[in-house]
Amino acid sequence: QLHLVESGGGLVQPGGSLRLSCAASGFTLNYYAIAWFRQAPGKEREAVSCFSTSDGMTYYADSVKGRFAISRDNAKRTMYLQMNSLKPEDTAVYYCNKRTISRVDYWGQGTQVTVSS
């Protein structure tokens, strides 16, 4: 099975930046999409960015558009979420996700991002 491990979270001041990493291990799969989600306390998990292999396009939630960027390094089997101009409302646990063509989801354990003065 595929294993995903997030890292790079932490405490940052408003306006600051963080880069989250998601390292993959295990067997190689064909994917429908790769994505980053986040979940704040008491709230539903929401998608913040997704790269779709079906159309080759990257999608961003309106709340993060222009501030966040998803990328990947296939050689390192790692995906990234660059987070700039962070706001307190970005505070959440961030999860990486890979969805197979058959719609099976793989998740990391999450990494905490706290944006506070």
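The accessible surface of the chain comes to about 6,400 Å², and 50% of that area belongs to carbon and sulfur atoms; accessible areas follow the Shrake-Rupley method with a 1.4 Å probe, and for residues only the protein chains shown count as cover. The model is predicted: local features need pLDDT of at least 70 and side-chain atom pairs count only at pLDDT 80 or more, while totals for chains, interfaces and linings use all residues. Residues are numbered from 1 along each chain as its sequence is written, and side-chain values use heavy atoms, with hydrogens and water left out.

The secondary structure consists of 0 helices and 11 strands, where helices (H or I, at least four residues) and strands (E, at least two) are DSSP runs numbered from the N terminus. The radius of gyration of the chain is 14 Å, close to the 13 Å that the globule rule gives for 117 residues, so the chain is as compact as a globular protein of that length. This radius is taken over C-alpha atoms, and the globule rule is 2.2 Å times the number of residues to the power 0.38. Along the principal axes, the C-alpha atoms fill a box of roughly 40 × 30 × 25 Å. Among contacts (heavy atoms within 4.5 Å) between residues at least 6 apart in sequence, 54% join residues at least 24 apart.

Of the 117 residues, 40% count as buried; buried means under 20% relative accessible area, exposed over 50%, and partly exposed in between, with a 1.4 Å probe and protein chains only. The largest nonpolar core has 27 residues, and those with the most contacts inside it are Trp36, Leu81, Met83 and Tyr94. Such a core is a set of buried Ala, Val, Leu, Ile, Met, Phe, Trp, Tyr and Cys residues joined through side-chain atoms within 4.5 Å. Two or more residues each come from β3 (18-25), β4, β5, β7 (68-73), β8, β9 and β11 (111-115), and the largest share, 4 residues, comes from β3. In soluble globular proteins, nonpolar side chains tend to be buried together.

In β4, 7 of its 9 residues are buried. Strands pair if DSSP finds at least two bridges between them. β4 runs antiparallel to β9, joined by 8 bridges, and Ala35 has Asn97 in β9 as its bridge partner. β4 also pairs in the antiparallel sense with β5 (residues 46-52) over 6 bridges, with Arg38 opposite Glu46 in β5. These two strands, β4 and β5, form a hairpin with 6 residues between them, and Gly42 in the turn has a positive phi of about 75°.

The whole structure contains 5 salt bridges, each a side-chain nitrogen of Lys or Arg within 4 Å of a carboxyl oxygen of Asp or Glu. Arg38 forms one with Asp90, their closest N and O atoms being 2.9 Å apart. Arg38 lies in β4 (residues 31-39) and Asp90 in the loop between β8 (78-83) and β9 (92-100), so the pair ties together parts that are 52 residues apart in sequence. Both Arg38 and Asp90 are buried. By contrast, Lys65 and Asp62, whose side chains meet at 3.1 Å from N to O, are both exposed. A further salt bridge links Arg99 and Asp105 at 2.8 Å, N to O; Arg99 counts as partly exposed at 31% relative accessibility, as does Asp105 at 29%. Salt bridges that share partners join Arg38, Glu46, Arg67 and Asp90 into one network.
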